[in-house]
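Me: I am new to this structure and would like to learn how to read its interfaces and its strands. Could you take me through them step by step?

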4 protein chains.
Amino acid sequence: MFLKEGDYVLLLTSDEKSYLVEIKDLNFHTHKDYLNLKDLIGKTYGDIIYGKKGEKFYILKPTIYDFLKKIERVTQIVYPKDIGYILLKLNISPGKTVLECGGGSGALTSAFAYIVGEEGKVISYEKEIKFQEVAKKNLKKLGLLHRVIFKNIEILENFEEREVDAVFLDVKNPWVIIKGSWEALKGGHPLGILVPTANQVSQCLLELEKYPFVEIEVVEIILRHYKTNPERLRPEDRMIAHTGYLIFAKKVFEK
Amino acid sequence: MFLKEGDYVLLLTSDEKSYLVEIKDLNFHTHKDYLNLKDLIGKTYGDIIYGKKGEKFYILKPTIYDFLKKIERVTQIVYPKDIGYILLKLNISPGKTVLECGGGSGALTSAFAYIVGEEGKVISYEKEIKFQEVAKKNLKKLGLLHRVIFKNIEILENFEEREVDAVFLDVKNPWVIIKGSWEALKGGHPLGILVPTANQVSQCLLELEKYPFVEIEVVEIILRHYKTNPERLRPEDRMIAHTGYLIFAKKVFEK
Amino acid sequence: MFLKEGDYVLLLTSDEKSYLVEIKDLNFHTHKDYLNLKDLIGKTYGDIIYGKKGEKFYILKPTIYDFLKKIERVTQIVYPKDIGYILLKLNISPGKTVLECGGGSGALTSAFAYIVGEEGKVISYEKEIKFQEVAKKNLKKLGLLHRVIFKNIEILENFEEREVDAVFLDVKNPWVIIKGSWEALKGGHPLGILVPTANQVSQCLLELEKYPFVEIEVVEIILRHYKTNPERLRPEDRMIAHTGYLIFAKKVFEK
Amino acid sequence: MFLKEGDYVLLLTSDEKSYLVEIKDLNFHTHKDYLNLKDLIGKTYGDIIYGKKGEKFYILKPTIYDFLKKIERVTQIVYPKDIGYILLKLNISPGKTVLECGGGSGALTSAFAYIVGEEGKVISYEKEIKFQEVAKKNLKKLGLLHRVIFKNIEILENFEEREVDAVFLDVKNPWVIIKGSWEALKGGHPLGILVPTANQVSQCLLELEKYPFVEIEVVEIILRHYKTNPERLRPEDRMIAHTGYLIFAKKVFEK
């Protein structure tokens with residue numbers, strides 16, 4: 001499959017710096033070299049393209065992970081380590097309808113939209129229009145804009161949707177919309193919440209106890225990178241210590 | 001949507017023990033009570049059903065996470081915390097063709113099959129026929145058997161496939177099939193490996209260096225559960241300390 | 001140095017089970033063998049002694065770590081991973097006077113008494129007389145009883161001491177004695193607190209803010225054991241996920 | 001107790017930056033203010049001293065932890081989280097004789113010297129004279145220089161000491177001196193090793209198996225700091241991911 005105008009590629013330099021670019025008639029500069037991106041046309045993923053000064057660039061298929069890493073962000077984003085687990089806990093798969101509140105820059109939105117496929121749908125609430133505009137740009141890059149219904153509304157009580165397959169909340173005060181989330185969800189289906197502080201976890205748990213939710217789970221996920229020298233295998237010196245606590249529960253009709 | 005014969009439900013007791021069951025004419029017993037599973041017909045997810053002795057059972061939608069947790073296992077399985085990250089790194093989405101070697105009990109196979117959708121395909125190599133039989137049973141429960149091509153072959157050198165979107169290796173000696181994985185992959189596309197020991201990581205890294213692979217990454221993922229008492233928020237006393245190291249890389253045509 | 005009656009030794013079996021025993025005329029039984037402990041007299045640490053059925057027992061010097069691991073416990077104890085850090089943060093060394101509240105079974109008390117030496121002193125408050133009796137037994141085993149002043153008093157406001165070098169609190173509601181701890185401490189000297197829950201951390205922090213304390217630090221320490229097979233190096237499967245949060249601060253006279 | 005010339009104090013600014021200084025006739029400058037350090041004479045720990053421009057400085061007692069944090073370093077140092085555990089595992093206490101190889105900048109040396117007291121002794125081998133000079137300066141600051149015997153020797157086989165209470169190795173290739181460590185140790189007494197890579201752990205374990213060592217343990221210790229806002233309790237964003245693996249064993253005379 002040959003690359004064509006409008007495709008996205010991940011360009012990787014020999015010192016393993018990567019750049020997510022769209023193929024179009026534009027000069028692309030790194031600290032070392034430059035090339036015209038339209039010269040990528042006709043190449044395939046896995047090929048090498050040389051810069052004007054002779055630097056090597058590997059042409060890689062950008063994965064959803066790469067898109068998430070390179071996403072334009074105006075908010076704190078949900079990290080891949082957390083997104084992967086959220087996908088499984090919320091049972092995201094082709095054809096599902098997922099509602100999220102606090103879409104932010106659209107990282108989690110992108111992952112949801114990527115997995116629900118053409119038959120699925122993501123409804124993304126975000127009260128800040130400027131965040132949502134960025135999210136739209138990010139979804140557009142992925143070619144997934146049509147799978148998302150963006151709503152620039154601050155939810156104070158209830159969502160407009162009913163019978164959705166999963167709800168995810170990534171807002172400052174998720175407890176105020178836990179009741180609303182319950183209303184929006186199908187029976188027996190999962191709710192997920194991300195909050196950065198322990199105090200917020202407690203507040204969410206208190207609120208979850210007030211409504212018919214079961215299988216309440218709180219977790220945190222820690223990802224540690226290793227240096228890749230086979231003779232000197234060891235973790236990197238520093239790591240992300242915390243992104244947030246994840247809370248999950250399932251709706252039942254009564255308790 | 002009313003439940004019908006053949007559907008799977010997750011039954012949850014009031015003390016939060018859960019059971020994955022298929023609806024059919026069968027008495028289902030827990031330590032406290034029992035019920036006939038055909039009585040679930042006509043109920044919906046989120047409902048309560050009462051046992052013959054009056055015990056309450058919540059009827060929940062089993063998520064892919066639940067299936068993975070309840071999977072029949074004859075081997076060590078890949079854990080959800082790792083599977084979620086693998087999905088993102090391998091760029092799994094509807095329509096993809098994924099090759100895995102060392103399918104084992106079929107946990108990762110299930111997750112792949114769940115996400116690739118009706119247009120996608122999973123090719124699952126496993127040398128032990130008895131493991132593969134269990135994997136087939138597990139996939140059947142999920143209704144995903146038709147998305148998987150099972151191959152009961154020990155790969156010593158090369159896979160039969162070419163141009164697959166992603167390869168995942170979960171075998172004792174993945175280094176012997178790293179070259180074969182390179183052959184099977186599309187250019188610029190990702191390879192993933194799971195190994196339990198540091199020594200195996202080193203051996204894989206040594207082998208990966210011999211072939212044109214870039215963006216080599218080694219990580220481990222740690223998941224910590226918290227007790228859900230909002231007044232006494234704290235991690236559980238014990239946790240899984242280790243499942244395995246994850247290795248990722250992308251194929252290029254030359255280096 | 002030859003072992004004599006009254007000495008403590010750590011007996012280690014060939015399958016690495018260890019027993020902390022005192023040398024005296026007593027038959028000591030394991031699941032496999034037995035021996036009379038007075039037969040240890042005249043041996044030295046590092047020697048082997050054989051049981052009556054031929055089992056090998058290694059005679060090891062019990063370290064403070066071993067005493068802590070084998071301590072008779074009627075309460076949750078402070079773990080070595082935490083104790084080590086506490087010693088450094090509280091600046092414990094020969095000659096120091098340390099006050100602790102919530103002595104429990106005496107694990108931390110033992111470590112303090114071990115390090116402060118003959119010129120130092122540990123004051124240990126514990127409201128439960130039955131816990132304190134156990135702590136005394138534990139300290140006696142270590143030969144350190146004379147370094148500890150036990151006080152069977154519930155502190156509701158103030159300690160009887162002034163100008164101590166360090167204070168450590170391991171009680172359910174440490175916030176009620178933070179003011180009292182401030183009173184007891186020397187200026188510029190450290191306070192330490194251990195609490196199991198995040199909510200307690202918050203309450204302590206709120207209280208610490210009310211008094212002149214600086215350099216407030218909250219940490220948790222995670223220790224992961226590895227299997228010791230050099231060909232298959234990897235962490236143990238399971239680990240302690242949580243013991244408690246450690247809080248430290250230093251007293252100043254005004255803020 | 002009033003401060004006098006030659007004493008060390010930890011000066012803490014209102015924005016919680018700390019400086020370890022010796023009291024002498026010298027102007028001390030921070031980014032905001034300055035003061036003459038001899039003005040500290042007659043103050044006590046816990047007092048405030050004001051800079052020439054009115055900035056507040058808290059006068060704190062420097063703990064051994066503070067000295068370790070502020071230590072002049074020309075090498076990677078052992079971290080407090082690891083040192084605390086090492087102290088317990090090696091059974092360091094007043095009066096002990098400890099041998100270390102690879103003293104580096106003297107962090108662990110300082111902690112050992114601090115705890116062994118006036119009756120104890122630390123023997124510190126270091127092949128690089130320039131590292132050892134720094135270690136000496138650091139020990140001098142702590143007033144503990146007389147407790148340490150520095151040896152500027154590269155150990156290729158055997159130490160000069162026998163019957164020491166504990167040995168600690170912090171060198172690149174500790175396996176070459178494991179036999180030598182066995183020779184130097186008292187029977188039944190502990191050896192500790194710190195290495196940064198998994199490969200080194202394996203090599204040490206292989207070597208330990210060749211000699212009569214028992215109770216072999218490999219651990220890593222992870223310390224996570226929390227932000228201290230009681231209303232928003234959460235871990236810091238980033239943390240140290242790895243310092244090293246700790247290996248412990250005890251010498252027996254035969255196996």
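Reply: Let us begin with contact, which is counted when heavy atoms lie within 4.5 Å. By that rule, 71 residues of chain B are in contact with 71 residues of chain A. Please keep in mind that this is a predicted model, in which local features need pLDDT of at least 70 and side-chain atom pairs count only at pLDDT 80 or more, while totals for chains, interfaces and linings use all residues, and that side-chain values use heavy atoms, with hydrogens and water left out. Residues are numbered from 1 along each chain as its sequence is written, and chains are lettered from A and ligands numbered from 1 in the order in which they are written.

Me: What is the area buried between chain B and chain A?

Reply: The size of an interface is often given as the accessible area lost when the parts come together. Here the buried area (accessible area, 1.4 Å probe, that two parts lose on being put together, summed over both) is about 5,900 Å², and carbon and sulfur atoms give 64% of it. Between chain A and chain C, by contrast, the area is about 260 Å², with 25% from carbon and sulfur atoms, and that contact takes five residues from each of the two chains.

Me: How many salt bridges are there between chain B and chain A?

Reply: A salt bridge is a side-chain nitrogen of Lys or Arg within 4 Å of a carboxyl oxygen of Asp or Glu. The count between chain B and chain A is four, and the side chains of A:Arg224 and B:Glu220 meet in a salt bridge at 2.9 Å, N to O. Across the interface of chain A and chain C, the rule finds zero salt bridges.

Me: Which way do strand 12 of chain A and strand 12 of chain B run?

Reply: Strands of a sheet pair through backbone hydrogen bonds, either parallel or antiparallel. Strands are DSSP runs (E, at least two residues), numbered from the N terminus, and two of them pair if DSSP finds at least two bridges between them. Strand 12 of chain A, residues 213-227, is joined to strand 12 of chain B by nine bridges, and the two run antiparallel; A:Val219, for instance, stands opposite B:His225.

Me: In what order do the four strands of the open sheet in chain B lie?

Reply: Their order is 2-1-6-5, with antiparallel pairing, and the edge strands, strand 2 (18-22) and strand 5 (48-50), each pair on one side only. Within chain B, strand 1 and strand 6 are joined by four bridges, and B:Thr13 has B:Phe57 in strand 6 as its bridge partner.
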